[in-house]
Amino acid sequence: MREAASSGDTRVRETFELNVGPHHPSTHGVFRAVVELDGEIVVNITPYLGYLHRGYEKTCEAKTWHNVIPLAERCDYMGATTNSFVYCLAAEKLLDVEAPERAQTIRVIMAELTRIFSHLFWLGTHGHDVGAMTPLFYCLRERESIMDLFELTAGGRLMPNYLRIGGLIRDLEDGFVEKAREFTDQFNFRVDEYEALLTKNPIYVDRVKNIGILSREDAIALGASGPMIRASGVGWDIRKSEPYSGYDRYDFQVAVEQGCDVYSRYLVRIREMRESAKIVRQGLDMLKPGPIRATKPGAVFPPQEEIYTKTEALIHHFMLVVEGVRAPVGQVYQAIESPRGELGVYLVSDGGPNPHRLKWRAPAFVNLETLATMTKGAFLSDLIAILSSIDIVLAEVDR
Amino acid sequence: MNQQEIRDKLFAQFGEEVIQGEIQFRDQITLTVDRGRITSVCRFLREDPELAFDFLSFVGAVDRFPNHPRFEVLYQLYSLRNNHRFRIKALVDETDSEPAAIDSVVAVWPTADWHERETAEMFGISFGGHPDPRKLLLPDEWTCHPLRKDFSLDGSEEETPDLPREVEQGS
């Protein structure tokens, strides 16, 4: 783009293109954007994705229904349990199974701990992206406690692989409830600490207020969800609008902000962490003894004890491992509220032992689509703050 | 509105000429819409005040190889105003002389942009009138469509090279 200045003036005005990424600390993975700049102002931005594309959906289509679960968690490693959660709910709808009440409550506890886990890491790295070094160390401290909780009961720290179609792999480990209660009891004070570092810090507020404006209309038209749309004044949370796994029994608020900017997204996520801790506490109070897996021979794995003592259970287990379950012909869509927004899975069964089609509605992928709208006319340095506020997980964007 | 009411409303508006089929599974209904009328059906779904499907969750496709028509293009919709979901699909076929094609709905829901680009490269379905029909996730030099059922999970040296051929030859 070249244009001559006023007549007689031989100087020309032109924009230049700057390549950001694929390796840049703010991209949290491998993401490249070609930015057209007029001085320091962003004129246009062209994102290039796919560096982490691993053929996720294709790989899932080659797995049996049960074998998809560990793979599902690897799609968004920051919210691992929410991935297996949505997949299990969809597969359960397809197979007509319902998880027992205790399993539903434990799933909610795990999902909310995952939300805190994901938001904590977001908060730490977001602070880091805009020049605040300290929050990261505080956030990682609490994140470590959550990983210890996951490790205690499921074995895995980052990807617990704890949910199964029809329920859970095993019951909560002894001591989990006490440790989780201890965590939620002190968590509000911890959030106060993060807020003391950022919420009223003039350096931070100047850096993020009125930056990255995404109007309510744009947010809806571009399919933004989760904290992105709630920071633009839309009070939409799938846990409230279409409750699943007993979310209608919990008392919690949906965090909504009207600012439409990076600061509002920060406030929404901070409040969501507090609400999630509240839900975990209610879940722990609600826990009643009971089965943790539904009984449906031929579709759901029988309990481990029965495999060792009952021939019939052993046969069902063997057949499920060797042949997998044959789901009825049909298609279902299930969506849940992940830390990043509407996480959905669309499953098509042709009656075979594996999904004929598995379509992953990845919220980070769709939220990233708003980047161009938010950055046009912004300063290049703000681009980093804006990109950070989307909370992208590139593994989920590229799948 | 529940699934049945949305279905009835679409039938009343467009009739059996446009709504070519329906499938009910569990509590979800999927309507098959005539491929040529997809944009007008989508526009109606978004603009009718009772339906008000202002939010598009995703556009995707299913490969029914070796059956014909080969592809289903899916539109999963949600209404923020009325809190209901619905799904429509259109059947798209591919013949030796005619590639698979359907009109783009980016003008109705701007979010369809990336979904359609992804579906186009993964299945080889072209979206007519798409404002930016470049590839999204796959390398530009790949000519294959990996989510098709006749594409091997392993890929191949010819179809899915790790590096562009010029780089490999050291030029």
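Visitor: How are helix H5 and helix H6 of chain A oriented relative to each other, roughly parallel or roughly antiparallel?
Guide: In this predicted model, the axes of H5(A), residues 134–154, and H6(A), residues 176–198, come within 10 Å and cross at roughly 170°. Angles over 145 degrees count as roughly antiparallel, and H5(A) passes H6(A) in a left-handed crossing. The crossing angle therefore makes the arrangement of H5(A) and H6(A) roughly antiparallel.

Visitor: How many nonpolar residues are there in the contact of H5(A) with H6(A)?
Guide: Residues of H5(A) including Tyr138(A), Leu149(A) and Leu152(A) meet residues of H6(A), among them Phe183(A), Phe187(A) and Leu197(A). Divided by class, the contact holds four charged, three polar and 12 nonpolar residues.

Visitor: Which element gives the largest share of the side of chain B that touches chain A?
Guide: The contact takes 31 residues from chain A and 26 residues from chain B. On the chain B side, two or more residues come from each of strand E2 (28–33), strand E3 (55–63) and helix H3 (112–123). The largest share, six residues, is given by E3(B).

Visitor: Which residue takes a positive phi in the hairpin of E1(B) and E2(B)?
Guide: Strand E1 of chain B, residues 19–25, pairs with E2(B) in the antiparallel sense over six bridges, and Ile19(B) has Val33(B) in E2(B) as its bridge partner. Two residues lie between the strands of this hairpin, and the residue with a positive phi, near 50°, is Arg26(B).

Methods. Residues numbered from 1 in each chain as written. Chains lettered and ligands numbered in written order. Predicted model: local features only at pLDDT ≥ 70, side-chain atom pairs only at ≥ 80, totals over all residues. Contact = placed C-beta atoms within 7 Å. Helix = DSSP H or I, 4+ residues; strand = E, 2+ residues; numbered from the N terminus. Pairing = 2+ DSSP bridges. Axes fitted to C-alpha atoms, helices over the stretch in contact; angles between N-to-C directions. Parallel < 35°, antiparallel > 145°, perpendicular 65-115°, else oblique. Left-handed = near helix turned anticlockwise from the far one by under 90°. Nonpolar A, V, L, I, M, F, W, Y, C, P; charged D, E, K, R; others polar.
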